Amino acid sequence: MSSLEKTGEWLPTACILCSRNCGIEVEVRGREMTRIRGDKAHPISTGYLCQKAQRLNYYQNHADRLTSPLRRREDGSFEEISWETAVSEIAARLLDLRDRFGGRSLAYFGGGGQGNHLAGPYGKALRTAMRTRNYYSALAQEKTGGFWVDGRLFGKQNCHPTEDVDHAEVVVFIGTNPWQSHGIRNARQVLREIHNDPSRRMIVIDPRRTETAELADLHLEVKPGADAFLLAAILAVIVRERREATEFISNHTTGFETVREELLKVPVEAFAARAGVAVDDVYLAAQMIAGAASCAVRTDLGIEQSLNSTLNLYLRSLMYLITGNFAKPGGNNLHTSLIPLIGHSPEGSNRHVSAVNGFPFIGNLLPPNILPSEIDTDHEERTRGLVVDSANPVVTMADTKAYRKAFAKLDLLVVIDVAMTETAELAHYVLPAPSQFEKWEATFFNLEFPANAFHLRKPLFEPMGNTLPEPEIYARLVEQMGALPKEFPELAEAARASRLAFAMAFQKLLAEKPELADYAPVILYRTLGPTLPEDAGSAAFLWATAHQFARKSPDAVRRAGHTGDGVMLGENLFEAILSSRSGVVFSVSEYEESWSFIKHADGRIHLEIPEMLRALRELDPAHSPELTDYPFILVAGERRSYNANTIYRDPNWRKTDPDGALKIHPEDALALGLIDGGWARCESKRGSVVVRVEVSDSVGRGQVTLPHGYGMMYPGSDGKRSRTGAHINELTAAEDRDPVAGTPYHKFIPVRLAPIEHAQA
Ligand SMILES: Nc1nc2c(c(=O)[nH]1)N[C@H]1C(S)=C(S)[C@@H](COP(=O)(O)OP(=O)(O)OC[C@H]3O[C@@H](n4cnc5c(=O)[nH]c(N)nc54)[C@H](O)[C@@H]3O)O[C@H]1N2
Ligand SMILES: Nc1nc2c(c(=O)[nH]1)N[C@H]1C(S)=C(S)[C@@H](COP(=O)(O)OP(=O)(O)OC[C@H]3O[C@@H](n4cnc5c(=O)[nH]c(N)nc54)[C@H](O)[C@@H]3O)O[C@H]1N2
Ligand code: SF4
Ligand SMILES: [Mo]
């Protein structure tokens with residue numbers, strides 16, 4: 001691939017820092033990414049990018065890149081080993097644990113971050129060989145409450161509604177700051193468009209006066225953690241004033257009467273007061289939402305990672321559903337997926353719960369908040385072996401202390417990463433992967449509607465050092481574990497002959513040996529893979545994916561401009577995915593098609609969720625959390641201009657906010673004797689961190705905020721490793737989580753603060 005080592009050429013790829021994955025073009029010189037600009041040919045981002053993407057060379061080239069498989073010695077140091085040794089030893093230890101303690105003793109974490117999901121299906125093959133379902137990921141510390149609600153409303157947890165912000169008259173942002181975090185297409189551009197258009201309105205529900213809130217027509221400064229009260233009050237006003245969409249409700253839903261009765265019991269004034277919002281503003285919001293020709297509701301961590309998380313997400317769904325803003329332009333719509341991001345876990349089955357806590361899977365995932373207690377126990381089915389890929393849970397998941405303690409008890413910890421992370425440092429084996437610009441990659445964030453796109457990215461550089469792409473690592477492990485033969489000569493031969501011959505041979509194999517279906521990605525990689533151009537073998541499974549999708553949704557594929565009859569439509573879709581360097585629209589839906597994505601047998605939306613209505617009944621406006629010892633509410637994890645999860649390790653990528661300062665209201669700072677630029681100790685019931693102070697009136701009294709994505713170790717010019725900024729998950733506790741989804745209460749961490757001298761800091 002030395003032809004990739006070009007000088008001064010602009011090459012298309014995508015930004016890997018958030019789920020938008022904006023198309024970018026990179027000027028490449030040697031192994032450096034020298035300049036970066038938006039790619040106008042990308043079908044969704046059309047040239048947009050934000051300031052974080054400009055710095056991607058700090059991800060590509062830094063001191064912590066891994067270049068060789070490593071094995072930990074007794075004394076904790078690492079030695080370089082060959083891939084053959086690594087694969088055979090790991091496979092043997094996985095088999096040993098599996099066969100002695102059962103597949104349930106093994107677990108898997110991650111499998112893809114903000115930019116890399118192409119290895120996902122291969123990771124699934126490894127889980128099949130491990131005979132485990134235990135699958136933890138960052139999604140299950142934010143989105144699973146919503147998935148659970150969607151499962152009840154629409155029939156399956158992977159019925160995923162997406163908000164059509166582009167066409168909405170009124171947009172409601174709850175607990176999200178898209179100006180910084182994005183989450184919606186070309187956020188800054190779109191937010192300005194809404195702000196400047198007199199016929200459109202924006203409502204923001206956020207305790208902080210964020211950049212997004214500054215652009216809003218109505219900013220409801222809810223008290224931290226009190227969203228359930230506010231959302232219930234808004235819904236109550238809508239039904240009290242009979243502003244619900246009567247015809248939509250009777251034609252398309254069930255259970256409304258029960259929901260309505262519960263909402264009518266909501267004491268609007270008391271709930272508004274508890275939420276800290278003027279009653280008039282509650283009425284105004286209800287009128288704006290119910291009176292709009294169309295309304296899209298977009299939510300994120302501000303309500304997902306706070307008190308009443310799953311209830312909040314249910315109430316936000318009712319907001320667009322009872323007002324009839326579903327399956328229409330400017331509403332929330334179910335969308336197609338070329339590759340679904342998650343699956344569906346049946347409720348009430350004892351096979352779909354964790355071994356120790358009995359915690360139910362949602363969307364096939366378990367919440368990271370329970371993992372330490374699944375390991376650190378005497379339970380006979382405790383987790384003993386763990387494979388982590390593309391995640392740094394020791395820094396990023398709630399309760400670092402519990403994680404470190406639990407990980408020390410593992411019989412086997414394998415980490416696959418591009419960098420020496422805090423989690424990798426605890427591993428028995430560390431397996432190095434090429435960066436996302438050194439291999440074929442893609443994400444499965446294909447969540448758009450009506451036009452949905454997929455971007456298969458071609459590598460810009462040769463792989464660094466002795467790294468192997470994840471698909472190769474997983475294929476070798478699965479083969480070494482004896483789950484699959486190393487060769488399928490007949491398939492390989494058919495692949496060399498023609499795609500049609502291959503299709504027939506592949507179908508014949510799966511018909512004869514259906515048990516191989518879970519290993520299909522590996523089989524395709526080994527057989528069809530070598531026939532694909534430009535070493536794109538790891539994308540081979542997309543051939544089967546494209547065919548399945550075209551069979552299921554031929555009209556949507558044709559509307560996206562792909563042609564061909566029968567199998568040729570799938571074949572052409574695959575070719576388009578493989579050859580389009582800037583991404584391709586794979587489906588264009590009609591708005592009414594949202595109805596066909598509902599999975600309830602009656603085709604209706606089931607509005608009544610008894611557990612949620614009970615949680616609503618139990619909301620007590622007279623009761624507030626006890627805050628005597630820890631009087632401040634810390635938002636542990638704010639998105640800012642210069643944080644991007646833990647994807648950048650070199651702190652020099654930041655242009656501002658080098659320490660990730662704690663924002664505090666001027667009067668609170670004054671009362672505590674904290675000064676702007678000074679230092680403070682921030683202490684929760686679980687731990688304490690030292691923070692830089694930034695006095696800011698964008699936060700309310702009693703609330704303070706810290707960014708996430710700090711607190712990692714990185715070597716300075718003298719080679720000594722030091723920490724940048726506060727490691728906020730030293731403050732969080734695993735047990736502070738939502739009862740339904742297990743998502744953490746990161747936006748509601750009671751803390752106390754005290755000034756300290758710089759020397760101490
Ligand atoms: N710059 C940047 N962008 C990112 C990322 C990054 O690291 N940096 N990470 C990406 C990832 S992984 C994700 S999941 C998204 C998350 O994106 P967001 O959820 O939009 O980001 P946050 O800043 O964590 O939280 C959003 C808002 O919740 C508000 N909030 C806090 N407490 C409450 C509350 O009690 N109620 C309400 N209603 N709001 C509250 C905060 O003030 C904040 O403005 O961002 C993505 N984009
Ligand atoms: N307190 C608190 N904690 C938080 C948050 C918060 O707001 N507050 N935010 C949470 C959220 S929403 C999220 S999504 C998580 C994110 O946390 P994680 O899921 O742990 O993921 P990332 O920080 O995105 O980084 C993933 C890892 O992927 C590695 N990586 C990058 N490219 C590749 C690759 O090509 N292959 C492999 N194998 N590895 C690669 C990086 O080096 C890094 O170690 O953090 C969560 N943690
Ligand atoms: S919004 Fe910014 S961080 Fe997110 S993908 Fe686009 S350029 Fe990257
Ligand atoms: Mo996230």
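**Exercise 1.** How do the residues of the shell around ligand 2 divide into nonpolar, polar and charged?

*Solution.* The model is predicted, so that local features need pLDDT of at least 70 and side-chain atom pairs count only at pLDDT 80 or more, while totals for chains, interfaces and linings use all residues. Residues are numbered from 1 along each chain as its sequence is written, chains are lettered from A and ligands numbered from 1 in the order in which they are written, and side-chain values use heavy atoms, with hydrogens and water left out.

Step 1: Ala, Val, Leu, Ile, Met, Phe, Trp, Tyr, Cys and Pro count as nonpolar, Asp, Glu, Lys and Arg as charged, and the others, Gly among them, as polar.

Step 2: under that scheme the shell around ligand 2 holds eleven nonpolar, 15 polar and six charged residues.

**Exercise 2.** Find side chains that hold an N or O atom close to ligand 2 (pairs of N or O atoms within 3.5 Å).

*Solution.* Step 1: a nitrogen atom of ligand 2 lies 2.9 Å from an N or O atom in the side chain of Tyr59, and for Gln436 a polar side-chain atom is 2.9 Å from a nitrogen atom of the ligand.

Step 2: the side chain of Thr646 places an N or O atom 2.5 Å from an oxygen atom of ligand 2.

**Exercise 3.** Describe the backbone contacts of ligand 1 and the classes of its shell.

*Solution.* Step 1: backbone N or O atoms lie 3.0 Å from an oxygen atom of ligand 1 in Asn177 and 2.9 Å from one in Arg639.

Step 2: the shell around ligand 1 comprises nine nonpolar, 14 polar and ten charged residues.

Key: Polar contact = N/O pair within 3.5 Å; in protein donor to acceptor, adjacent residues only side chain to side chain.
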